[in-house]
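User: I would like to go through this model with you, one question at a time. Please give the cut-offs behind each term as we go.

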Amino acid sequence: MRIDIITIFPEMFAGPFTESIIKRAIQKEIVTIKLHDLRNFSTDKHKKVDDYPFSGGAGMVMMIEPIDRCIAHLKSERDYDEIIYMSPDGELLDQPMSNVLSMKKNIIILCGHYKGIDERIREHLITKEISIGNYVLSGGELGAAVLVDSIVRLIPGVLSDETSALSDSFQDGLVSPPVYTRPQQYKNWEVPEILLSGNDKIISDWKFEKAIERTKERRPELYEKLKKK
Ligand code: SAH
């Protein structure tokens, strides 16, 4: 998979993409992530990428031209499955969406700033808009990093124990059951006896029951969806 990110702050991705699972996925060449500094596509001598909004009002708006030129440059090199704009009013990111995106070959992610981007970019160039939650971030970069992380870990071969992504929360419409590790004795905080029983069937039934219980308690909307299935 190839992910092209358009941003005015490429260095914001240094931490998230140079550690842990994404770093390994890049090293194994399972994913290629390219950062494009939008300012390099500005024709202005000061590399300007934003301007005042028509009609006035607070905040700057990202201009069409540099974004159009950057996207056109990328499209001239390959076809893209999606051109995504990170936006607080986009479709809310969830696990099914990450699953679908993890199967794509090439995607572009555009990070906005200021008051956002000229609406005509959204109308004519963007194929999908994604929000990471109902709150406003200063820019699309942190959202893009969250999106990329959630996608990349689902690509086969990225996680060493492939079943581990499958048993994560939301993967089957349920949140995860609680997990425990050594020591078995800590103060008087106990590990449920069943997990020590060695009986695989009883243990997997217990985990399923706990997952249902937690989903019902913490994510009632997911539980309702599951009941309808
Ligand atoms: N004025 C806009 C907010 C702009 S925030 C509004 O009220 O809708 C600046 C940029 O941050 C946006 O262009 C977007 O790319 C990014 N952003 C902000 N919140 C986000 C969220 N919840 N999810 C994804 N991207 C977000």
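User: Which residues form a nonpolar patch on the surface, and what accessible area do they have together?

Analyst: This is a predicted model, in which local features need pLDDT of at least 70, side-chain atom pairs count only at pLDDT 80 or more, and totals for chains, interfaces and linings use all residues. Residues are numbered from 1 along each chain as its sequence is written, and side-chain values use heavy atoms, with hydrogens and water left out. With areas from the Shrake-Rupley method, a 1.4 Å probe and only the protein chains shown as cover for residues, the patch of Phe 9, Met 12, Tyr 135, Leu 137 and Leu 142 has about 470 Å² together.

User: Is Tyr 135 buried, partly exposed or exposed?

Analyst: Buried means under 20% relative accessible area and exposed over 50%, with partly exposed in between. Because the relative accessible area of Tyr 135 is 45%, this residue counts as partly exposed.

User: Which backbone atom lies 3.0 Å from an oxygen atom of the ligand?

Analyst: A polar contact is here a pair of N or O atoms within 3.5 Å. Backbone N or O atoms of Ser 87 and Gly 140 each lie 3.5 Å from a ligand atom, a nitrogen for Ser 87 and an oxygen for Gly 140. The atom at 3.0 Å from a ligand oxygen is a polar backbone atom of Gly 112.

Definitions and conventions: A polar contact is a pair of N or O atoms within 3.5 Å; within protein, one must be able to donate a hydrogen and the other to accept it, and residues adjacent in sequence count only if both atoms are side-chain atoms. Patches are made of residues with over 30% relative accessible area and no salt bridge: like charges are joined within 9 Å, nonpolar side chains (Val, Leu, Ile, Met, Phe, Trp, Tyr) within 5 Å. A salt bridge is a side-chain nitrogen of Lys or Arg within 4 Å of a carboxyl oxygen of Asp or Glu. Buried means under 20% relative accessible area, exposed over 50%, partly exposed in between (1.4 Å probe, protein chains only).
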